[in-house]
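This briefing sets out selected features of one protein structure, grouped by topic. Please read it alongside the sequence and the coordinates shown here.

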Amino acid sequence: MTLQEAMKERHKVSKYKDKPLSADIIKQLNDRIKVQNQKYGLNMQLITESKDAMPGILAALMSKGVKNYIILAGPDSPGIDEKLGYSSADLMLYAQTLGLNTWWIGGMYSRKNAKKLTNAGDNTKIIGIVVVGYGENQGVPHKSKAASDISSYEGTVPEWFKAGVSAVLLAPTAMNKQAFTIKGKGNKVSITCNNGSYSDADLGIGKYHFELGAGKDKFEWQ
């Protein structure tokens with residue numbers, strides 16, 4: 001499965017089988033995390049066989065079998081939320097190619113325990129966790145806006161722009177608001193996101209998806 005195929009297959013899954021990740025799967029995830037950490041100066045970490053970051057009420061009411069997750073952490077510096085959002089999008093789709101399911105959680109997790117698990121210092125910011133594992137199901141597509149609701153292009157719309165916008169609409173966003181505004185002219189594209197405290201993280205996720213759908217060689221960010 002390619003990342004492009006994974007983008008179409010990935011849906012939020014909150015209930016997981018009691019099936020541990022194999023040593024090979026863990027290695028592949030850690031290798032991918034290491035690449036992202038080094039490339040963007042992050043401190044993301046995979047935690048396995050632990051429920052410590054999941055508050056009891058969430059585990060009881062909304063989820064099941066959650067015990068493997070990636071803590072989205074990095075130095076508290078300008079642009080960190082966008083970088084973590086961008087990298088988390090890559091990790092979620094990569095996990096899908098490995099036969100796993102995922103769930104991006106931005107609010108309903110224990111920040112205190114997550115910080116302990118990563119041995120994070122005072123200058124570390126954690127924006128959420130990405131649950132990984134074998135879902136009891138494959139989830140269902142989220143309700144989506146139309147391309148015209150979030151995008152506009154000056155002139156005849158090229159296929160790569162259409163593909164990029166379609167990819168953004170497949171991306172996970174906080175409360176599924178899909179609060180993007182994407183504009184194109186020639187090979188220049190701009191994207192903004194207005195989703196409150198999750199705007200920058202969602203922007204990073206949206207940028208990753210647009211690049212994957214459109215092809216990085218087809219356009220330039222403006």
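This is a predicted model: local features need pLDDT of at least 70, side-chain atom pairs count only at pLDDT 80 or more; totals for chains, interfaces and linings use all residues.

Is Asn 176 buried, partly exposed or exposed? With a relative accessible area of 29%, Asn 176 is partly exposed.

- Most residues other than glycine have a negative phi.
- Asn 176 is not a glycine, yet its phi is positive, at about 50°.
- The loop that holds Asn 176 runs between helix 7 (159-168) and strand 6 (180-185).
- Glu 49, also not a glycine, has a positive phi of about 50°.
- Glu 49 belongs to the loop between strand 1 and helix 3 (56-61), and its relative accessibility of 45% makes it partly exposed.

- Strands of a sheet pair through backbone hydrogen bonds, either parallel or antiparallel.
- Strand 1 (residues 45-47) is joined to strand 2 by three bridges, and the two run antiparallel.
- Within this pairing, Ile 47 has Tyr 69 of strand 2 as its bridge partner.
- Strand 2 is also joined to strand 4 by seven bridges, again in an antiparallel arrangement.
- Here Ile 71 has Ile 129 of strand 4 as its bridge partner.
- Strand 2 is largely enclosed by the rest of the structure, because six of its seven residues are buried.

- An open sheet is formed by four strands in the order 5-6-7-8, with mixed pairing.
- Strand 5 (151-154) and strand 8 (220-221) are the edge strands; each has a single partner strand, so one side of each lacks a neighbour in the sheet.
- Strand 7 (residues 188-193) and strand 8 run parallel and are joined by two bridges.
- Lys 188 is placed opposite Glu 220 of strand 8.

**Nonpolar cores**

- The largest nonpolar core has 34 residues, and those touching the most other members are Leu 29, Met 44, Ile 70, Leu 72, Leu 100, Trp 104 and Val 132.
- Two or more residues of this core come from each of helix 1 (3-9), helix 2 (23-40), strand 2 (69-75), helix 4 (80-97), strand 4 (124-133) and helix 8.
- Helix 4 supplies the largest share of this core, nine residues.
- Leu 72, leaving out residues up to four places away in sequence, touches Met 44, Leu 84, Ser 88, Trp 104, Lys 125, Ile 126, Ile 127, Gly 128, Ile 129 and Val 130.
- Another core, apart from the largest one, has 17 residues, including Tyr 153, Leu 169, Leu 203 and Phe 219.

**Phe 210 in helix 8**

- Phe 210 is located in helix 8 and is buried, with a relative accessible area of 0%.
- From C-alpha to C-alpha, Phe 210 and Ile 80 are 19 Å apart in space, and 130 residues separate them in sequence.

**The largest pocket**

- The volume of the largest pocket is about 570 Å³.
- Its lining consists of 23 residues, and Lys 12, Trp 103, Trp 104, Thr 173 and Met 175 are nearest the centre of the pocket.
- Strand 3 (101-105) and helix 8 (199-214) are the elements that contribute two or more residues to this lining.
- Strand 3 contributes the most to the lining of the largest pocket, with three residues.
- By class, the lining of the pocket comprises 13 nonpolar, seven polar and three charged residues.

**The cavity**

- Rolling a probe the size of a water molecule over the atoms shows where empty space is left.
- One cavity of 30 Å³ or more is present in the structure, and the space in the largest cavity is about 40 Å³.
- The largest cavity is lined by Tyr 16, Lys 17, Lys 19, Gly 65, Lys 67, Asn 68, Val 132, Gly 133 and Tyr 134.
- The lining of the largest cavity divides into three nonpolar, three polar and three charged residues.

Conventions:
Residues are numbered from 1 along each chain as its sequence is written. Side-chain values use heavy atoms; hydrogens and water are left out. On a 1 Å grid over the protein atoms alone, a cavity is a set of points where a 1.4 Å probe fits but cannot get out, and a pocket is an open set with protein on both sides within 12 Å along at least five of seven lines; lining residues have an atom within 4 Å of a point. Grid points are joined across faces, edges and corners, and a volume is the space filled by probe spheres set on the points. Ala, Val, Leu, Ile, Met, Phe, Trp, Tyr, Cys and Pro count as nonpolar, Asp, Glu, Lys and Arg as charged, and the others, Gly among them, as polar. A nonpolar core is a set of buried Ala, Val, Leu, Ile, Met, Phe, Trp, Tyr and Cys residues joined through side-chain atoms within 4.5 Å. Buried means under 20% relative accessible area, exposed over 50%, partly exposed in between (1.4 Å probe, protein chains only). Contact means heavy atoms within 4.5 Å. Two strands pair if DSSP finds at least two bridges between them.
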